[in-house]
Amino acid sequence: MNRYQNIPITKTVTGKRYYSNSKYPSVPLSVNDVYVITTDGDRLDLLAYYYYNDPSLWWIISISNDNLSQDSLYLSPGTQLRIPLNYADVLTAYNALNS
């Protein structure tokens with residue numbers, strides 16, 4: 001899934017093109033959420049592949065965990081993560097915010 005497919009491309013007066021800022025939805029807690037403690041070698045993209053069958057959805061796990069640095073796929077061992085299993089709802093909310 002290309003999360004930038006619905007983000008408008010803006011053009012400056014000098015002709016430079018760039019994507020507008022993406023808006024991310026809040027991800028409410030759910031009884032279906034999975035909680036894991038990371039081990040050595042865990043990465044957000046690998047967890048997204050395991051739980052969603054799509055490594056490009058790593059950002060859903062990232063935005064669901066305020067304790068994570070938003071600039072890396074790598075995780076420190078021993079970090080508790082919430083993995084929302086309702087990722088289709090998150091994608092719907094993301095697309096609605098960015099249409």
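The following dialogue examines how several labels are assigned in this predicted model.

Tutor: The model is predicted, so local features require pLDDT of at least 70 and side-chain atom pairs count only at pLDDT 80 or more, while totals for chains, interfaces and linings use all residues. Residues are numbered from 1 along each chain as its sequence is written, and side-chain values use heavy atoms, with hydrogens and water left out.

Student: Why is Asn98 called buried?

Tutor: Buried means under 20% relative accessible area, exposed means over 50%, and partly exposed lies in between (1.4 Å probe, protein chains only). Asn98 has a relative accessible area of 6%, so the residue is buried. Asn98 lies in the segment after α3 (87–97); helices (H or I, at least four residues) and strands (E, at least two) are DSSP runs, numbered from the N terminus.

Student: What makes the backbone oxygen of Lys23 and the side chain of Asn98 a polar contact?

Tutor: A polar contact is a pair of N or O atoms within 3.5 Å; within protein, one must be able to donate a hydrogen and the other to accept it, and residues adjacent in sequence count only if both atoms are side-chain atoms. The backbone oxygen of Lys23 lies 2.7 Å from a polar atom of the Asn98 side chain.

Student: Why is the pair of Tyr24 and Tyr94 called tilted?

Tutor: Rings of Phe, Tyr and Trp (its six-membered ring) pair if their centres lie within 6.5 Å; planes under 30 degrees apart count as stacked, over 60 as edge-to-face and the rest as tilted. By this rule the count comes to 5 aromatic pairs. In the pair of Tyr24 and Tyr94, the centres are 5.5 Å apart and the planes stand at 35°, so the pair is tilted. Tyr24 lies in the loop between β2 (17–19) and β3 (34–37) and Tyr94 in helix α3, so the pair ties together parts that are 70 residues apart in sequence.

Student: What makes the pair of Tyr50 and Tyr51 edge-to-face?

Tutor: The ring centres of Tyr50 and Tyr51 are 4.8 Å apart and the planes stand at 80°, so this pair is edge-to-face.

Student: How do you know that the buried residues of α1 line one face of the helix?

Tutor: In α1, Leu44, Asp45, Leu47, Ala48 and Tyr52 are buried. Seen down the axis of α1, these residues fall within an arc of 160°, so they line one face; the arc is that of the directions from the helix axis to the C-beta atoms. The buried residues of α1 pack against α2, β4 and α3.

Student: What makes α3 a helix with one buried face?

Tutor: Val90, Leu91 and Tyr94 are buried in α3. Their arc, seen down the axis of α3, is within 100°, so they line one face of the helix. On the other side of α3, Asp89, Thr92 and Ala96 are exposed. The buried residues of α3 pack against α2.

Key
Contact = heavy atoms within 4.5 Å.
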